[in-house]
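The stops below are meant to be selected in order.

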Amino acid sequence: MTSEHPNTFAIAQQQFDLAADLLNLPQGIRAILRVPQRELTVNFPVKMDDGSTRVFTGYRVQHNLSRGPVKGGIRYHPNVDIDEVRALAMWMTWKCALVNIPYGGAKGGVIVNPQLLSMGELERLTRRFATEISILLGPERDIPAPDMGTNAQMMAWIMDTISMHRGYTVPAVVTGKPVIIGGSLGRMEATGRGVMLMVREVAHRMQRNVTDLRVVVQGFGNVGGTAALLLDQIGCRVVGLADASGGYACPHGLDVTAMRAFSEQHPTHTLEGYTASGVQHISNAELLELDCDVLIPAALEHQITSANAPHIRAAVIVEGANGPTTPDADQILTERGILVVPDILANAGGVIVSYFEWVQGLQEFFWDERDVNDRLERIMIATFEHVWQIAQTRNLPMRTAAYLLAVQRVADADQTRGVYP
């Protein structure tokens, strides 16, 4: 495994092994938790607009079910593979356990570039994929959500497909769906809001005023764009942003609101072609190495590696994406004294509010947005404080501290339930 082309699942297992060693987990429990419990691969046909039929490959992986039904997004991306989905499912298990909500981890994906499909083709693909994996889905079994390349409309199609099969409406079978059909207020912004809360809490621990912080955000989608906007609103100076079109930097601060409006109006929903006084166009690689106080990688996995970790100039990294930092890079960052708020904590806001949406759907009793945001904040801050305390007491990186807490909770659940039969 090289830093340039790391295997995502191998990284996830390496992170687990470190925690398992520190916890002295029994070999039997390690063997259970080190691999997914269930994996489903489907190859399914979709009628295209030109009358042709294409066969797509998709996956749904359930890592661990000992703490409750499994939860995890569905990703549409041309580079989806089974090992990536396995890793994401495992990370979801730790994330749910870390914030102490009653879920195990799952993940799904389809190998497709959604930008190359029409809305009709996307609907037919989504409904057929939902049908193929429907043997696993249900409010009490497996609850998907949006992820990279998917959105609230696609969750609506999945909910409708499952409901048609059941013969009655099943709103709690997915989360991240539109509010008009049972989605939760605050869900769309939840992951980015959680990232903002983690930046604020780190600043408090480091006795820094948020208005003094220079922030760089890699990724300008649902997570990065929301985090950048919320950080701008609390007074941080966002000095760098990037999306698929490249990086944008301004030492005096970017106009995040204007950039968000530009991308929303753009045909590809990117910043391609954006210009403003004092804004310099740079590469994604250059963006990660900008001089700043806080770096938020909120794009793809493996962005911070052993190749660029020595050149990172941020004092703090708050991981908005899943798996943006490789283990080799983690070691370099630790040696350099750079604080990393790990993905399973920093981006947990989405699954927390997905949990709220699921609860609301089951009860058919809905909360207002302030209630959702207040509950999210309480859970995120309490979890941060718990992880911070473990890290300080045991002199560990925050990622290791978070894994100790999360893995122990899942191991305890497995051991308490026992092995059937």
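The tour goes from a sheet to a helix across it, then to a ring pair and a helix pair.

The model is predicted, so local features need pLDDT of at least 70 and side-chain atom pairs count only at pLDDT 80 or more, while totals for chains, interfaces and linings use all residues. Residues are numbered from 1 along each chain as its sequence is written, and side-chain values use heavy atoms, with hydrogens and water left out.

**The sheet.** Helices (H or I, at least four residues) and strands (E, at least two) are DSSP runs numbered from the N terminus. Two strands pair if DSSP finds at least two bridges between them. Select the five strands: they form an open sheet with mixed pairing, in the order 1-2-4-3-5. Strand 1 and strand 5 (142–146) are at the edges with a single partner strand each, so one side of each has no neighbour in the sheet. From one strand to the next the twist averages 25°; angles run from 0 to 180 degrees between N-to-C directions, and axes are lines fitted to C-alpha atoms, for helices over the stretch in contact.

**Two strand pairs.** Select residues 38–47 and 53–62, which are strand 1 and strand 2; they pair in the antiparallel sense over 10 bridges. Arg38 stands opposite Gln62 in strand 2. The two strands form a hairpin with five residues between them, and Gly51 in the turn has a positive phi of about 95°. Next, select strand 3 (residues 70–77), which pairs with strand 5 in the parallel sense over five bridges. Here Gly73 is opposite Ala145 in strand 5.

**Across the sheet.** Show helix 3: it lies across strand 1, strand 2, strand 3 and strand 4 (104–111), and runs at about 155° to strand 4. Contact means heavy atoms within 4.5 Å.

**A ring pair.** Rings of Phe, Tyr and Trp (its six-membered ring) pair if their centres lie within 6.5 Å; planes under 30 degrees apart count as stacked, over 60 as edge-to-face and the rest as tilted. The count by this rule is 12 aromatic pairs. Select Trp94 and Tyr403: the ring centres are 6.4 Å apart and the planes at 55°, so the pair is tilted. Trp94 belongs to helix 3 (residues 82–98) and Tyr403 to helix 14 (residues 398–417), so the pair ties together parts 309 residues apart in sequence.

**A helix pair.** Finish with helix 12 (residues 349–363) and helix 13 (residues 369–394), whose axes come within 10 Å and cross at roughly 130°. Which residues of helix 12 meet helix 13? Gly349, Ile352, Val353 and Phe356 meet Val372, Arg375, Leu376, Ile379 and Met380 in helix 13.
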